[in-house]
Amino acid sequence: MVENDLIAYGLNEAISDEYERILADGCVPARVIRMDRGECDVATFTGIARARCPRSDSELSGLCTGDWVGIDQQLNVRQLLPRRSAIVRSSVSGRSEGHVLAANVDTVLICTAADGDVDLNRIERMLALAWESNAQPVVVLTKADAAEYVPLDEVRAVAPGAVTLAVSATTGVGLDVLTATLEGTVALIGPSGAGKSTLANALLGAEVFATNAVRAGDKKGRHTTVHRELRPLPGGGTLIDTPGLRGIGLWDASDGIERTFSDIESFADRCRFGDCAHRGEPGCAVRAAIDSGELTERRLESYRKLAKENEWMRARTDKRLQAEREQVWKDITKQQRRNYRDRSSRR
């Protein structure tokens, strides 16, 4: 592989100039294309190489597919170069830390099978994740050829600012339009059985990733992709296929939630009171939008759920917020004790 071939893995002049100034002495840039325990496959100026990753307890940890790194002549990863974007969810272990699914992503394809249960709440959750990553989301209803009805209008209504498309990797319907929306590094996310690997193979033009049929009874699939892997796209750019997501916990996604629910935010700006809770206050523009059919009760409840979850997650990681929440509960407890003593003294 000559130097220019690293362009196939996402290197461009802007990235090269940015990283060249901060590379450690004796290091050259490389891009992580697949992670394993203690090692990773990287694309370099001289070809694909196997590099050694730092120990998990070192300062340099948490590498993931899509990262740009600095490696030395002995193929040791010595430097994680600044990320331009990252898809981060809360850790499945429940610990107060984020889990990076993919780094330096420009376009996120949110995949949902059109022939199954198109869960609008899950799509909104993945949109918040994608918007927060600093990438452009595209909602893709896959397996359109197998669906009796493709709810494009319903999905578009919950995805303001994002392109929504119906495609079939089997027949090729919609793939040309989808390909035209792709830019830079593309990551596919979604639950198992959403057809991500089949779609990835169609975009790559080759059977690169293994695929499995979903169960006929419940339309659920098994994890056929077990690693996140980055591959060059034939028309330029790169693609990262990811394992199916069972849980999609948000991680400090305030901006992502605001962009996902920009319609609600817009209505809320017109409410009479700045602290309107949209639960029946006079002059509430959000309730008026629900009454007029411009907004659904389901969407408002989804917004509230994600905002509450995000606030709780932030409180776990932000000591100030955590202390404030603890103080509120202490005050409530003290008041309850006073009320109990007062009732007891009047008996």
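**Exercise 1. The β2–β3 pair**

In what sense do strand β2 and strand β3 pair, and over how many bridges?

*Solution.* Start with the model. This is a predicted model: local features need pLDDT of at least 70, side-chain atom pairs count only at pLDDT 80 or more, and totals for chains, interfaces and linings use all residues. Residues are numbered from 1 along each chain as its sequence is written, and side-chain values use heavy atoms, with hydrogens and water left out.

Step 1. Helices (H or I, at least four residues) and strands (E, at least two) are DSSP runs, numbered from the N terminus. Strand β2 covers residues 39–44 and strand β3 residues 47–52.

Step 2. Apply the pairing rule: DSSP must find at least two bridges between two strands. Here there are six, in the antiparallel sense.

Step 3. Ala 43 stands opposite Ile 48 in β3. Two residues lie between β2 and β3, which form a hairpin.

**Exercise 2. The whole chain**

Describe the protein chain by its secondary structure, burial, contacts and surface.

*Solution.* 

Step 1. Count the elements. The chain has ten helices and 13 strands.

Step 2. Take burial. Buried means under 20% relative accessible area, exposed over 50%, and partly exposed in between (1.4 Å probe, protein chains only). Of 347 residues, 43% count as buried.

Step 3. Take contacts, meaning heavy atoms within 4.5 Å. Among contacts with a separation of 6 or more, 63% join residues 24 or more positions apart.

Step 4. Take the surface. Areas come from the Shrake-Rupley method with a 1.4 Å probe; for residues, only the protein chains shown count as cover. The chain exposes about 18,300 Å², and carbon and sulfur atoms supply 47% of it.

**Exercise 3. The cores**

Which residues have the most contacts inside the largest nonpolar core?

*Solution.* 

Step 1. Define the set. A nonpolar core is a set of buried Ala, Val, Leu, Ile, Met, Phe, Trp, Tyr and Cys residues joined through side-chain atoms within 4.5 Å.

Step 2. Read off the answer. The largest core has 57 residues, and Ile 87, Val 105, Val 108 and Leu 127 have the most contacts inside it. Helix α2 (residues 120–132) gives the most to this core, with seven residues.

Step 3. Look for another core. A second, separate one has 19 residues, including Cys 111, Leu 178, Leu 204 and Leu 239.

Step 4. Follow one residue. Leaving out residues up to four places away in sequence, Leu 127 touches Ile 110, Pro 137, Val 139, Val 158, Ala 159, Ala 162 and Thr 260.

**Exercise 4. An aromatic pair**

*Solution.* 

Step 1. State the rule. Rings of Phe, Tyr and Trp (its six-membered ring) pair if their centres lie within 6.5 Å; planes under 30 degrees apart count as stacked, over 60 as edge-to-face and the rest as tilted. The count comes to two aromatic pairs.

Step 2. Apply the rule. The ring centres of Tyr 19 and Trp 68 are 6.3 Å apart and the planes are at 50 degrees, so the pair is tilted.

Step 3. Tyr 19 lies in helix α1 (residues 13–20) and Trp 68 in strand β4 (residues 68–71), so the pair ties together parts 49 residues apart in sequence.

Step 4. Check burial. Tyr 19 is buried at 1% relative accessibility, and Trp 68 is buried at 0%.
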